[in-house]
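Biologist: I would like to learn how to read a model of this kind, feature by feature. Please give the general idea, then the case at hand.

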Amino acid sequence: MIASARAAPGDKGDTHLRRKSGLPAAAAGTAVIADGAYLGTGLIVPHRRRAGRRLLRGQEEGNAEHRRVRDRQKGDGLHHAVQAVAVMHDLATAR
């Protein structure tokens, strides 16, 4: 499932808008990936480098995979993928 909170006027943080949108309840029990703005929210976010320290190799690899997954969400590719999943679901349940 792909979900997004509506944009809001003014200077509102992403986590504030997400909390008010009802998305946390709708996505309860599922893995949700997000960008670094959602650090500390329980969502899957990239590892952050701490001052004076480099990321471990596994953390760098995890961040690379995180970027690959999020890159698939750009443009029309995600729209088409979601449509394809919906069609396959309809076919599977239309027996």
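**Reading helix H3 and its surroundings**

Modeller: In H3, the buried residues are Asn-63, Ala-64 and His-66. Buried means under 20% relative accessible area, exposed means over 50%, and partly exposed is in between (1.4 Å probe, protein chains only). Seen down the axis of H3, these buried residues fall within an arc of 160 degrees, so they line one face of the helix. The arc is that of the directions from the helix axis to the C-beta atoms.

Biologist: What should I know about the source of these values?

Modeller: This is a predicted model, in which local features need pLDDT of at least 70 and side-chain atom pairs count only at pLDDT 80 or more, while totals for chains, interfaces and linings use all residues. Residues are numbered from 1 along each chain as its sequence is written, and side-chain values use heavy atoms, with hydrogens and water left out.

Biologist: How many helices and strands does the chain have?

Modeller: Helices (H or I, at least four residues) and strands (E, at least two) are DSSP runs, numbered from the N terminus. The chain has 4 helices and 0 strands, and its elements run α-α-α-α from the N terminus on. Of the 95 residues in the chain, 14% are buried.

Biologist: How is the span of H3 read against the expected one?

Modeller: The expected span of a helix is 1.5 Å times one less than its number of residues. H3 has 15 residues and reaches 21 Å from its first C-alpha to its last, close to the 21 Å expected.

Biologist: Why does Asn-63 count as buried?

Modeller: Asn-63 counts as buried because its relative accessible area is 8%. Asn-63 is found in helix H3, residues 57-71. Contact means heavy atoms within 4.5 Å. Leaving aside neighbours within four places in sequence, Asn-63 is in contact with Pro-46, His-47 and Leu-55.

Biologist: Where is Ala-37 placed, and which residues does Ala-37 touch?

Modeller: Ala-37 sits in the loop between helix H2 (23-26) and H3. At 43% relative accessibility, Ala-37 is partly exposed. Beyond four places in sequence, Ala-37 touches Asp-14, Thr-15 and Arg-48. Ala-37 and Asp-14 are 23 residues apart in sequence and 6.8 Å apart, C-alpha to C-alpha.

Biologist: Is Arg-18 buried or exposed?

Modeller: Arg-18 is buried, at 17% relative accessible area. Arg-18 is found in helix H1 (residues 14-21) and touches Leu-23, Pro-24, Tyr-38 and Leu-43, residues up to four places away in sequence not being counted.

Biologist: Which residues line the second largest pocket?

Modeller: On a 1 Å grid over the protein atoms alone, a pocket is an open set of points where a 1.4 Å probe fits, with protein on both sides within 12 Å along at least five of seven lines; lining residues have an atom within 4 Å of a point. The second largest pocket is lined by Leu-39, His-47, Arg-48, Arg-49, Arg-50, Arg-53, Arg-54, Leu-55, Leu-56 and Gln-59.
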